[in-house]
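Subject: Structure handover

Hi,

Here is the structure I promised. Please open it alongside these notes.

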Amino acid sequence: MRLDQYSGEILMVHDITETAAGNQFLTWQFPLHNGDALGLIGRWLVLISGLAPALLFGTGFYLWWKKRRVKNSKRRTSEGSHRLSSIVRKGQGNPKHRAST
């Protein structure tokens, strides 16, 4: 409701129940965004929902990095054993190498 400040005459009456659903939704956006709509519990929900993406990113990155590190260490050990076996095989075929052992 809006009143004229000098005469007290009613200028406009705004009934929230007659407002379109889209406008009601837009009216609730700011209080929901700030956490004012649900009081202290709402503010805690906003805080948790704000920190959740960062937490999910951090834990996901950590798991990816850990898995990558394990794969790289397995790859290094398999490459190292492959190189060693190829060196041994090459040395066995060399007559100079056989004579010295």
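How many salt bridges does the count come to, if one is a side-chain nitrogen of Lys or Arg within 4 Å of a carboxyl oxygen of Asp or Glu? The count comes to one salt bridge. Before the details, a word on the source. This is a predicted model, where local features need pLDDT of at least 70, side-chain atom pairs count only at pLDDT 80 or more, and totals for chains, interfaces and linings use all residues. Residues are numbered from 1 along each chain as its sequence is written, and side-chain values use heavy atoms, with hydrogens and water left out.

The salt bridge joins the side chains of Arg-43 and Asp-36, at 2.7 Å from N to O. Arg-43 is partly exposed, because its relative accessibility is 47% (buried is under 20% relative accessible area, exposed over 50%, partly exposed in between; 1.4 Å probe, protein chains only). Asp-36 is also partly exposed, at 41%.

Next, the start of the chain. Arg-2 lies in strand S1, residues 2-3 (strands are DSSP E runs of at least two residues; helices are H or I runs of at least four; both are numbered from the N terminus). Arg-2 is exposed, because its relative accessible area is 54%. Arg-2 touches Glu-9, Ile-10, Leu-11 and Met-12, leaving aside residues up to four places away in sequence (contact means heavy atoms within 4.5 Å). Arg-2 and Met-12 are ten residues apart in sequence, yet 5.0 Å apart in space, C-alpha to C-alpha.

Last, Arg-75. This residue sits in helix H2, residues 39-93. Arg-75 is partly exposed, with 47% relative accessibility.

Best wishes
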